[in-house]
Amino acid sequence: MRVLVVTPWVPGPMRPRSLYLIERLAAEHEVTLVAATWSTEDERALESVPVHRRVGVRVGRLGGLARAGLAVWSRRSLQEAYVGSVRLRRTVQRVAEDTKPDAVMCNVLRTAGLADVTGARIRLIDLDEFRSEYYAQMADRGTTSLRRLLGHVESGRMARRERSIVSSFDAVLVSSAADLRPEAPNVHLVRSVHALSGSTDPGRRGGDGPDGPTVAFVGRMSYGANHDAACWFIDRVWPLLRQAHPGIRLEVVGDAPRRALRRRSADDVRIRGRVPTVAPYYRAAQVVVVPVRMATGVQMKMIEAMSLGVPTVVSPVVARGAGVEHLRETLVADLPSEWAAHVSRLISDPRTAAEIADRARDWHARQHGRDAVSNQLRAALASVDGWAAG
């Protein structure tokens, strides 16, 4: 089959889900990719995506902000407006006229409207998650009045768009079982792989460093939910752990930490920023924490830790999105006292830590391993009328 894939970014190590799904499609079908590019680096990275044909469309961030600003006065999702340039739409239409695709696959809600101009008889979308729930959480718990206002505006618009997508696409892929909808049989669970290498080998589990145990929180710190989580954990939980475990150290690892987070750096709190690879920080930790309080879908930072055999403590919203259970694949904490108690338990009780890590690694292989995800994608596509395997 001829498949046209449209993405709002260049699939790659920073977007491993997009890249893996495209690789699986390209292994059996003739795939043409139209991707929005945001930098010269993106344009170079596009050349390495393993598809039959690649077309990049440069999209400016200032133009995206202008389109989103204008959309405030409409009923359109700001996320969709941000990427929805006339140039991108015309390019998708032109490429579709040239390739005459049997199917189009859009990547997340941002590109959903571009399916309309392709003429493809089969319409697929990797929604990944129903993102409107995140904006609803932001409206309720945003840290500033502006963020709460943005959440209020975008949650309703995005929810309406998501309902429209479910009713108009032949297959909708989501990464979390929490997003399955019994009333919508065209919504399919296809979990995400991650970009860490060596995930089937747990390697050395973290132990006490020269001064004491290490706790790690890994994530893109420019992202508001991660920034909020890191600051909250340092302010509310870390003093309890510092008192209980003299010499304990926290490693906060992730791209572009904001000034407010960098100011929280201390002798026992290291704000690392961007690093070449995060795997060594996972491996060196006794415990990985995911204290994210606003989230939808599956938090890949938890999945990465599980794949490497590192025990985790996560928030209730993170556990719910992934579908993991307290005292089975992870420990779940809400209040600061619970966080401190659960992290302390994994530090002080190596047997419990090892049992949880082993169960989590087995769960990861069954649910998020590459063969498992490939089978999930194959089953989802097989359910679509008219879809033919390569």
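A nonpolar core is a set of buried Ala, Val, Leu, Ile, Met, Phe, Trp, Tyr and Cys residues joined through side-chain atoms within 4.5 Å; buried means under 20% relative accessible area (1.4 Å probe, protein chains only). The model is predicted: local features need pLDDT of at least 70, side-chain atom pairs count only at pLDDT 80 or more, and totals for chains, interfaces and linings use all residues. Residues are numbered from 1 along each chain as its sequence is written, and side-chain values use heavy atoms, without hydrogens and water.

**Stop 1: the cores.** Select Phe-233, Val-289, Met-302 and Val-313. Of the 98 residues in the largest nonpolar core, these four touch the most other members. Now colour helix α8 (residues 224-244), which gives the most to this core, with ten residues. Helices here are DSSP runs (H or I, at least four residues), and strands are E runs of at least two, numbered from the N terminus.

Then move to the second, separate core of 28 residues; Val-5, Met-105, Leu-377 and Ala-380 are among them.

**Stop 2: α1 and α15.** Show helix α1 (residues 16-28) and helix α15 (residues 370-382). Their axes (lines fitted to C-alpha atoms over the stretch in contact) come within 11 Å and cross at roughly 65°, on a scale of 0 to 180 degrees between N-to-C directions. In contact (heavy atoms within 4.5 Å), Tyr-20 and Leu-21 are among the α1 residues, and Val-373 and Leu-377 among those of α15.

**Stop 3: α7.** Select residues 145-168. Buried residues here include Gly-151, Met-158 and Ile-165. The partners of the buried residues include α3 (61-71), α6 (132-141) and β5 (122-128).

Methods:
Buried means under 20% relative accessible area, exposed over 50%, partly exposed in between (1.4 Å probe, protein chains only).
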